[in-house]
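Could you open the model and keep it beside you while you read my notes?

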Amino acid sequence: MEANFNMSDLTLEEQELLLGIRKRKEQLLLEIQQLKDEIAEVTSEMEMIDVNDDSKGNPKTKLMSIGRKKFNMDPKKGLEYLIEHGLLHNTPEEVAQFLFKGEGLNKTAIGNYLGERNDFNIDVLKTFVNLHEFTDMILVQALRQFLWSFRLPGEAQKIDRMMECFAQRYCELNPGMFSSTDTCYVLSFAIIMLNTSLHNPSVRDKPNVDQFISMNRGINDGGDLPPDLLTSLFESIKKEPFKIPEDDGNDLMHTFFNPDKEGWLWKQGGRYRSWRRRWFILNDNCLYYFEYTTDKEPKGIIPLENVQIRDVHDRNKPHCFEIYSASNDIIKACKTDKEGKVVEGKHNVYRMSAATLEEKQEWTKCIKASISEHPVYDMLAQRRKKVTHQK
């Protein structure tokens, strides 16, 4: 196009404008190339993290270390990498063994993978739970071992599947301990609730052993569990609280009883409108987003106060929804800037995109229900009602 005219035919202002456009174009091309170089450099550095000197002469060890790193950022891609390089076979047994050993793996990432509801992941979950040995263990000790092997995700349905598998495995290895797996399931949650009540500083009224026994009446197919058993469970938790996995910066027990959801979403930037993939966690009426699942601190926090949700159409991304200020005021959010400083957000709208329509619907439902509904409580209440009415 530029070859069709002569610069001398343009006015001085037009020449200056054209030169400015050319200069800006060259600058943008340079910035794009620099960004590509930075991405390549960061990718290379990530792959070399934790690869020690001994692995330099052992390609298999190096590939395994890279695979673990990839798993911690994205479990599905990490496993695909290991399978592609022949380090794992694509079977529930081998994947479960890999997760159970947990060498170099983030326990949050393990929990996220085990919580997925497709058939293969559910088979891995069952195999993973069956690798635990609970024979002749009191229930509280079995729970300590189980909850240390990964971080439970926040969604009620995922917790339900995992605790159901735990109860089945415990009853299988300790026949006659409880009349049904439902009894074991309900009592397990009662122990977790007790741990929170006894050791969370924000809980002022600490329960005593008599209250714990009373709370669990009728859960053994309509009958009562032995008081001595409940007393021993109470004393064990009172003496030693559950330990939280080291790579989990959050209060694990707090996660059980909130309508949390977590997962990947695309988030649109405010100033440049670019899309970036972020890990979102819904908890305590706030939406937290992280760059990676392994990050200790969120990139931003969006309080769900005086906000609403709506579906939106975006030509660049499918399955979009927006969190927006009901009064058109600035949402009282905060984020971390490039220098690591926490600054106030300046937006009255946050736009996100989900991978599928189903994911979008789940996110909008959970956000809308985060203040008034408690799916884990509802789920547990239904299970308690079931076991107390059995004969």
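Here are my comments, going from the whole chain to single residues.

1. **The model as a whole.** Please keep in mind that this is a predicted model. The protein chain has 14 helices and 9 strands. Of its 391 residues, 42% are buried. Among contacts with a separation of 6 or more, 60% join residues 24 or more positions apart. The chain exposes about 22400 Å², and carbon and sulfur atoms supply 50% of that area.

2. **The H8 and H9 pair.** The crossing of H8 and H9 is right-handed. On the H8 side the contact is made by Ile159, Asp160, Met163, Glu164, Phe166, Ala167, Gln168, Tyr170 and Cys171. From H9 come Thr181, Cys184, Tyr185, Ser188, Phe189 and Ile192. Sorted by class, the contact has 10 nonpolar, 3 polar and 2 charged residues.

3. **Lysine 158.** Is lysine 158 buried or exposed? Lysine 158 counts as buried because its relative accessible area is 11%, under the 20% cut-off. Leaving aside its neighbours within four places in sequence, lysine 158 is in contact with Gly115, Glu116 and Pro153.

4. **The cysteines.** How many disulfides does the count come to? The count comes to 0 disulfides.

5. **Threonine 135.** Next comes a loop residue. Threonine 135 is found between helix H6 (119-130) and helix H7 (139-148). At 35% relative accessibility, threonine 135 counts as partly exposed. Which residues does threonine 135 touch, not counting those up to four places away in sequence? They are Leu173 and Asn174. The C-alpha atoms of threonine 135 and asparagine 174 are separated by 6.0 Å, although the two residues are 39 residues apart along the chain.

6. **Valine 124.** Helix H6 also holds valine 124. Valine 124 counts as buried, since its relative accessibility is 0%. Not counting residues up to four places away in sequence, valine 124 touches Pro92, Val95, Ala96, Leu99, Tyr113 and Leu114. Glutamate 93 is 31 residues from valine 124 along the chain, and their C-alpha atoms are separated by 6.8 Å.

7. **Isoleucine 281.** For a strand residue, I picked isoleucine 281 in strand E2, residues 275-283. Isoleucine 281 is buried, at 10% relative accessibility. Beyond its neighbours within four places in sequence, its contacts are Arg151, Lys261, Glu262, Cys286, Leu287, Tyr288 and Phe290. Glycine 263 is 18 residues from isoleucine 281 in sequence, with a C-alpha to C-alpha distance of 6.8 Å.

8. **Two backbone angles to inspect.** Aspartate 221 is not a glycine, yet its phi is positive, about 55°. Aspartate 221 lies in the loop between helix H10 (209-215) and helix H11 (227-239), and its relative accessible area of 23% makes it partly exposed. Histidine 319 also has a positive phi, near 55°, and is a residue other than glycine. Where does histidine 319 lie? Its place is the loop between strand E5 (307-312) and strand E6 (320-325). Histidine 319 counts as partly exposed, at 27% relative accessibility.

Conventions:
Residues numbered from 1 in each chain as written. Predicted model: local features only at pLDDT ≥ 70, side-chain atom pairs only at ≥ 80, totals over all residues. Heavy atoms only, no water. Helix = DSSP H or I, 4+ residues; strand = E, 2+ residues; numbered from the N terminus. Buried < 20%, exposed > 50% of the residue type's maximum accessible area, 1.4 Å probe, protein only. Contact = heavy atoms within 4.5 Å. Areas by Shrake-Rupley, 256 points an atom, 1.4 Å probe, with all protein chains shown as cover. Left-handed = near helix turned anticlockwise from the far one by under 90°. Nonpolar A, V, L, I, M, F, W, Y, C, P; charged D, E, K, R; others polar. Disulfide = S-S within 2.5 Å.
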